[in-house]
Amino acid sequence: MSERVAFDEFKEMCGFMYPGKNELTRKEIQNVASEYNCNIPSKIWENKIHGEGRSVFYFLNGVTSIKGELEVSNVLKNTYDAYIPKKNDYFISHGTNYKLIDTVIKERAFFPMYVYGVSGLGKTFQIEQSCASHKRPFFRCQITKDTTNEDLIGCYSLVDGNTVWMDGPVLMAYRSGGVLLLDEIDLNSSLMILQVVLENKPIYITQTGELVYPMNGFTVFATGNSKGDGSDSRFVGTTVLNDAFLERFVTIIEQKIPTKSVEERIIKRYLELEGINLPQVLYDEFVKWIEYVRESYKTEATDVYISTRRIQYILKVYKITGANNLTKSMEVALSRYSDEDRDGFMKVWKAIHKEDA
């Protein structure tokens, strides 16, 4: 059922979809009603003026808002409420990276930021949870080598037998003043349409003729495993990003492996929320093992590492199997590595745990 809105509210919606225009066609008026699933107030039709030929326009008397700054109305905020992430109790904020990310999202600043680093350290998670904390709409684009401009901006789709325009995540973030995340951006170097997005400029939709402006509060983040220079051979498929593209980010920062104290906070929170009773002696040995394999990676004694996500997977196996056997749980969760690497990790664990290697 369409939501009933007053004339002033509908006029404001028209302003967000067609900023700067005082006259809209019948089709544009209908597009607004369809976009926000609402009625068309009768007063709109009372304000009609006839153009030449068959064209009919509707005069809206100043659609753009005061001082030229486009703000999102309460009606539009409600439209995008479903895109506000839920708070996750497992999340623990830490580090200067998160402080900067959280400040940008809280202050609704346009501050393009690229966060890179090895997999499983919470690059995406921290952006999502900051949005949850500040009730900001969050639009995540999962970039692949096959991602196209249409995947990001939008396209015509068949809905109930009718061809209708469907916004992609970029336009949804624009219209809501939300947070756009380009996840794994270094997997595709051909999405140059994003240069406009990184400049906070309006996007012209060639298929519809609409010029869409970013609402106040819009900003964009990108994540990747590499710095965009293709230097890390471990991550297959990453590409060298265009230097002009990278230049449009205010900052490019590395997500580093958590410190021992932070990792312990994360582990303890996970054990508590999952209701896992890990004996203190076993817990101390587990933390010691993590510290050892992390240090081996940092000093380049090995080129593989144990991520925070993988640590939680080990504990998940420990809980699900109910066998209270951390050694067996580790063998299951570490199966994603090569036999040689897994055996190396297990050898260290058994030495710490006083088991026969």
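Q: How many aromatic pairs does the structure hold?

A: A pair of aromatic rings is described by the distance of the centres and the angle of the planes. In this structure, which is a predicted model, there are 15 aromatic pairs. One of them joins tyrosine 83 and phenylalanine 139, with 4.9 Å centre to centre and 35 degrees between the planes, and it is classed as tilted.

Q: Which parts of the chain does the pair of tyrosine 83 and phenylalanine 139 link?

A: The pair links distant parts of the chain, 56 residues apart: tyrosine 83 belongs to the loop between helix H4 (74-79) and H5, whereas phenylalanine 139 belongs to strand E5.

Q: Is phenylalanine 139 buried or exposed?

A: A residue counts as buried when its relative accessible area is under 20%. Phenylalanine 139 has 3% relative accessibility and is therefore buried.

Q: How is the pair of tyrosine 174 and phenylalanine 218 arranged?

A: An angle over 60 degrees between the planes counts as edge-to-face. Tyrosine 174 and phenylalanine 218 form such an edge-to-face pair, with 65 degrees between the planes and 4.8 Å centre to centre. Tyrosine 174 lies in helix H8 and phenylalanine 218 in the loop between E10 and E11, so the pair ties together parts that are 44 residues apart in sequence.

Q: Which residues do ring pairs link into a cluster?

A: Ring pairs link Phe286, Trp289, Tyr337 and Phe345 into a cluster.

Q: How many residues of H8 are buried?

A: To read how far a helix is covered, one asks how many of its residues are buried. In H8, eight of the eight residues are buried, and the helix is described as mostly covered. Among them are Pro169, Val170, Leu171 and Met172, together with the charged-class Arg175. Just after H8, glycine 177 takes a positive phi of about 65 degrees.

Q: Why is H6 described as largely enclosed by the rest of the structure?

A: Eight of the eleven residues of H6 are buried, and H6 is therefore largely enclosed by the rest of the structure. The buried residues are Lys123, Thr124, Gln126, Ile127, Gln129, Ser130, Cys131 and Ala132. What covers them includes H5, strand E4 (113-116), E5, strand E8 (179-183) and strand E11 (219-224). H6 is followed by lysine 135, whose phi is positive, near 55 degrees.

Q: How many disulfides does a search of the whole structure find?

A: A disulfide is a covalent bond between the sulfur atoms of two cysteines. The search finds zero disulfides in the whole structure. Among the cysteines, cysteine 131 is buried at 0% relative accessibility, and cysteine 141 is buried with a relative accessible area of 4%.

Q: Which residues lie nearest the centre of the largest pocket?

A: A pocket is read from its volume and from the residues of its lining. The largest pocket has a volume of about 760 Å³. Its lining has 26 residues, of which Met17, Asn31, Ser34, Glu35 and Trp165 lie nearest the centre. Helix H2 (26-35), strand E7 (162-167), helix H8 (169-176) and strand E10 (210-212) each supply at least two residues of this lining. By class, the lining has twelve nonpolar, seven polar and seven charged residues.

Q: What is the volume of the second largest pocket, and how does its lining divide by class?

A: The second largest pocket has a volume of about 650 Å³. Its lining divides into nine nonpolar, 14 polar and seven charged residues. Of the 30 lining residues, Gly120, Leu121, Gly122, Phe125 and Arg309 lie nearest the centre. Two or more residues come from each of helix H6 (123-133), strand E5 (138-142), helix H11 (260-274) and helix H13 (308-321).

Q: Which residues line the largest cavity?

A: The largest cavity, with a volume of about 50 Å³, is lined by Ile185, Asn188, Ser189, Leu191, Met192, Leu241, Asn242 and Phe245. By class, this lining has five nonpolar, three polar and no charged residues.

Key
Residues are numbered from 1 along each chain as its sequence is written. This is a predicted model: local features need pLDDT of at least 70, side-chain atom pairs count only at pLDDT 80 or more; totals for chains, interfaces and linings use all residues. Side-chain values use heavy atoms; hydrogens and water are left out. On a 1 Å grid over the protein atoms alone, a cavity is a set of points where a 1.4 Å probe fits but cannot get out, and a pocket is an open set with protein on both sides within 12 Å along at least five of seven lines; lining residues have an atom within 4 Å of a point. Grid points are joined across faces, edges and corners, and a volume is the space filled by probe spheres set on the points. Helices (H or I, at least four residues) and strands (E, at least two) are DSSP runs, numbered from the N terminus. A disulfide is a pair of cysteine sulfur atoms within 2.5 Å. Buried means under 20% relative accessible area, exposed over 50%, partly exposed in between (1.4 Å probe, protein chains only). Contact means heavy atoms within 4.5 Å. Rings of Phe, Tyr and Trp (its six-membered ring) pair if their centres lie within 6.5 Å; planes under 30 degrees apart count as stacked, over 60 as edge-to-face and the rest as tilted.
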